[in-house]
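Subject: Handover of a structure, with findings

Dear colleague,

Please find below the structure that I am handing over to you.

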Amino acid sequence: MGTRFRLFVQPPFGDASSVPEIVTVSSPQGTVDAGPSDDRMFVIEPVGKKWPYGMNRAPLGTPFIYLPQWSGPQLAPAVQDENGDFDYLTPDMPGFEAAHAFGCVRFTLDVWENYLGQPLEWHFGERFEKLEISILPHWDNAQYGYGFLEIGSQFEPDGRVLPFTLDFDVIAHEVGHAIIYSVLGVPRADAEFPEYEGFQEAFSDCVSLIAAMHFPSVIDQVLEETRGNLYLSNRIARFSEFPGQRQIRTANNTRTMDEFADGFKNEHDLSEPLTGAIFDILADIFHESLLERGLISPEVEELAEMVEFGGAESAELQDAFDRAYADDSGGFVEALVDARDVVGVYLTETLFGLDPDFLDYGDVAETMLAVDGRETGGRFAGIIGRNFERRGIGILHAGPRFEAKRRDRLPSRRTVQPRDRLRLPRMSYRESYMLLRNP
């Protein structure tokens, strides 16, 4: 028997009607202690923590590295009940955010360790035995790095602070980075192509998307909203919704590599052609599964392809999906779950087949096609090939970042490791004093 938590599939600040669902993660009952903590990770809410982990700048601009583990004071941990569960905690209770963060990480790992076929080994394992999940509410970001998964908040113009600890998408996305670093590794400093950064974000978005689809309520909601026409706005196409119908990114997008041939501003924008291609592959495999089950006709599948490529009105397609879904909603659920798992397996096997050095999106496309050939004899080769080609993936490549991200070529927050301290300039006594007195 596993351990129970309450998780928001949709954060409450994006949907006022959202309520947390009780889920059971794989941690055997009684193995998760206060924190929560177990043999692989632990949650803390530090008191007085001045900086986020990773690469920081002192008052006079000298870079310095700050890594786990936190040894200062912290808020009281979330405590398990007499059965070892945490689902008694509700959003209005102290400890709920800590339990929610832990539950999201463990749920996402459960999903992807199943695809990986093995437990994830932390890429920082030679130095830290456990991942520190640190809650830093005054910080406006979330990040995974060497020994840490740090969770901040979204700050709204009206003064509201929306904690990322309650946002499954944000946390699952950061677990995606952990998977990449553990399986693929970190590229050499002189071997990182621009598209590697975009790949990090795209793959992590897909980790979040596929993990969310393991909530039965998400599958049901998506099909009720769309009747199987995944090109309508729906839960799995949106990442991290905020008030005002805002979201961080959308999987169902039309971006192509020709937008980035001259260069790019940030890796999140650059990720969207790859994320969009994978979403389209998911939708097309879903349609193929519906066709094989006799739930839609070849004409409807062909119309869906035309709509996807912008060649037809969608009203006719939606009417066809409405009728088909009404005839066999259970078959639609099975088809969507099958498509989810095909994409989950293909992404995992693709990750195992890549090299971080000089990685570009064309490598991703070629490797996924090879995976399909090995897994099915090329059953989905047409779907995979045309969706990557439509985005210009493997044809065009991203130019350099318009504004140098790190002119001094220092590691990013994500990639920094303890040995990188040897590369940093020495901080003056004056600046060290300023750093301690006025962080």
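I begin with Phe 5, which touches Glu 21, Ile 22, Val 23, Val 25, Val 32, Pro 36, Phe 86, Asp 87, Ala 99, Phe 102 and Gly 103, leaving aside residues up to four places away in sequence. Contact here means heavy atoms within 4.5 Å.

Please note that this is a predicted model, in which local features need pLDDT of at least 70 and side-chain atom pairs count only at pLDDT 80 or more, while totals for chains, interfaces and linings use all residues. Residues are numbered from 1 along each chain as its sequence is written, and side-chain values use heavy atoms, with hydrogens and water left out.

Overall form

The protein has eleven helices and twelve strands; these are DSSP runs numbered from the N terminus, with helices being H or I of at least four residues and strands E of at least two. Its C-alpha atoms fill a box of roughly 75 × 55 × 45 Å along the principal axes. For 439 residues, a compact globule would have a radius of gyration near 22 Å, and the protein agrees with this at 22 Å. That radius is taken over C-alpha atoms, and the globule rule is 2.2 Å times the number of residues to the power 0.38. Of the 439 residues, 56% count as buried, where buried means under 20% relative accessible area, exposed over 50% and partly exposed in between, with a 1.4 Å probe and protein chains only. Among contacts between residues at least 6 apart in sequence, 68% join residues at least 24 apart.

The nonpolar core

The largest nonpolar core holds 133 residues, and Phe 5 is among those that touch the most other members, together with Trp 112, Phe 199, Leu 274, Phe 286, Phe 332 and Phe 388. Helix α1 (residues 96-116) gives the largest share of this core, 13 residues. Such a core is a set of buried Ala, Val, Leu, Ile, Met, Phe, Trp, Tyr and Cys residues joined through side-chain atoms within 4.5 Å.

Helix α1 is largely enclosed by the rest of the structure, because 18 of its 21 residues are buried. At 1.5 Å a residue α1 should span 30 Å, and its end C-alpha atoms are 30 Å apart, which agrees; the expected span is 1.5 Å times one less than the number of residues. Just after α1, Gly 117 takes a positive phi of about 80°. Helix α3 (residues 194-212) is also mostly covered, with 18 of its 19 residues buried.

Four strands form an open sheet of mixed pairing in the order β3-β6-β8-β7. Its edge strands are β3 (41-44) and β7, each of which pairs on one side only. The twist averages 10° from one strand to the next. Strands count as paired if DSSP finds at least two bridges between them. Strand β6 (residues 131-135) runs parallel to β8 and is joined to β8 by four bridges, whereas β7 (residues 142-145) and β8 pair in the antiparallel sense, also over four bridges. Within β8, Leu 149 stands opposite Ile 133 and opposite Tyr 144, while Glu 150 has Gln 143 opposite. β7 and β8 form a hairpin with two residues between them, and Gly 147 in the turn has a positive phi of about 95°.

In a regular strand the side chains alternate between the two faces of the sheet. Strand β8 (residues 148-151) is covered on both faces, with Phe 148 and Glu 150 buried on one side and Leu 149 and Ile 151 buried on the other. Helix α1 lies across β3, β6 and β8, at about 155° to β3. Axes are lines fitted to C-alpha atoms, for helices over the stretch in contact, and angles run from 0 to 180 degrees between N-to-C directions.

Local backbone features

The peptide bond from Gly 35 to Pro 36 is cis, with omega near -5°, and Pro 36 sits in the loop between β2 (21-25) and β3. The bond from Pro 68 to Gln 69 is likewise cis, with omega near 10°. Arg 227, a residue other than glycine, has a positive phi near 55° and counts as partly exposed at 27% relative accessibility.

Yours sincerely
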